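Hello,

Here is the structure I said I would pass on. My notes on it follow below.

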Amino acid sequence: MAGITEIKEKLSVGEVAHLWEVYKATGDIQSKNELLLHYGYLVKWIVRRMMPKYNNYNEYDDLVSCGMLGLIDAVDKFELKHEVKFETYAVTRVRGEILDYMRSQDWASPSLRKKITAITTAFDMFESKNPGKPVDKDVAAALGMPIEQIHRILNQSHMFNLVNFEDALNSFNSAADIRSQDEKAPEEELLEKEKKEILAEVIESLPEKERTVITLYYYEGLLLKEIADILQVTESRVSQIHSKVLAKLRIKLVHRFGSD
């Protein structure tokens, strides 16, 4: 993940390894606190990726606090014998804690949910007829909404779509924790493989700009702001694209597996 690797570590690899050994062997609180301080940047990095700064629902401090709870849990439960980097394990735990909080906040009212569904369905329909072409005007005309309103609703739907996409993604992935390949059951490996194949298939079918946003965000680990700079558009526009794609991916996953 590019965004993570750019952050300089305050402790050396040897110092971090020593802290882990001491904490796991003795439960030393000071060692635990130093580990939390060392890995604290992960929480902020995840929150920045999940929540654009301009968003009206920007409760940055609350999400960081939730993320820290996930980090504490990760430090407590991480096993040194596992063949996985702590950062990989922690990102899953931290994201999970933040997503649980986001679910509890109910980011979209029933009326907004209906509008999100209508807009997403309309985009899916028009884009299937006109692959690779902008269809914002067609969607706006079909729904009787100004384009500005369509874009505003897509901005508002960012959190809603993010949570629902994660839920759809996890609905057919029964592995709650990151484990080594040896610990995964054969059926879990098949589900993971199928998930990747479906996502790759759907992403490949996206218009170029949407495919670029998803690739840079999920595969290159860039922030929405960084993607906006590359595409020379506003961060708000990138969030609109991202949110729309998440909604479309969720719908396709639900159609494929028959559950929401």
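Tyr39 is buried, with a relative accessible area of 4%; buried means under 20% relative accessible area, exposed over 50% and partly exposed in between, with a 1.4 Å probe and protein chains only. Phe86 is buried as well, with a relative accessible area of 4%. This is a predicted model, in which local features need pLDDT of at least 70 and side-chain atom pairs count only at pLDDT 80 or more, while totals for chains, interfaces and linings use all residues. Residues are numbered from 1 along each chain as its sequence is written, and side-chain values use heavy atoms, with hydrogens and water left out.

Aromatic rings

Rings of Phe, Tyr and Trp (its six-membered ring) are paired if their centres lie within 6.5 Å; planes under 30 degrees apart count as stacked, over 60 as edge-to-face and the rest as tilted. By this rule there are 6 aromatic pairs. Tyr39 and Phe86 make a tilted one, at 4.5 Å centre to centre with 55° between the planes. Tyr39 lies in helix α3 and Phe86 in helix α5 (residues 86–105), so this pair ties together parts that are 47 residues apart in sequence. Helices here are DSSP runs of H or I with at least four residues, strands are runs of E with at least two, and numbering starts at the N terminus. Phe86 also pairs with Phe78, edge-to-face, at 5.2 Å centre to centre and 75° between the planes. Phe78 counts as buried, at 5% relative accessibility. Ring pairs link Trp20, Tyr39, Phe78, Phe86 and Tyr89 into a cluster.

Another ring has a charge over it: the charged end of Lys244 sits 4.0 Å from the centre of the Phe123 ring. The rule for this is NZ of Lys or CZ of Arg within 6 Å of the ring centre and within 35 degrees of the ring normal.

Ser31 is found in helix α3 (residues 29–50), and at 5% relative accessibility Ser31 counts as buried. The side chains of Ser31 and Asp28 are joined by a polar contact of 2.7 Å. A polar contact is a pair of N or O atoms within 3.5 Å; within protein, one must be able to donate a hydrogen and the other to accept it, and residues adjacent in sequence count only if both atoms are side-chain atoms. Leaving aside residues up to four places away in sequence, Ser31 touches Leu19, Val22 and Tyr23, contact meaning heavy atoms within 4.5 Å.

In helix α5 there is also Asp100, which is partly exposed with a relative accessible area of 45%. Asp100 and Val163 are 63 residues apart in sequence, and their C-alpha atoms are 8.8 Å apart in space.

Helix α11 (residues 208–219) has 12 residues and should span 16 Å at 1.5 Å a residue; its end C-alpha atoms are 15 Å apart, which agrees. The expected span is 1.5 Å times one less than the number of residues. Glu210, Val213, Ile214, Leu216 and Tyr217 are the residues to look at in α11, as they are buried. They cover an arc of only 170° around the axis, which puts them on the same side of α11; the arc is that of the directions from the helix axis to the C-beta atoms. Glu208 and Tyr219, on the other side of α11, are exposed. After α11 comes Gly221, whose phi is positive, near 70°.

In helix α12 (residues 224–231) the buried residues are Leu224, Ile227 and Ala228. Seen down the axis of α12, they fall within an arc of 105°, so they line one face of the helix. Asp229 and Ile230, on the other side of α12, are exposed.

Gln232 follows α12 and is found in the loop between α12 and α13 (235–257). Gln232 has a positive phi of about 60° although it is not a glycine. Most residues other than glycine have a negative phi. At 73% relative accessibility, Gln232 counts as exposed.

The chain as a whole

The secondary structure comes to 13 helices and 0 strands. Of the 260 residues in the chain, 46% are buried. Among contacts with a separation of 6 or more, 68% are between residues 24 or more positions apart.

Regards
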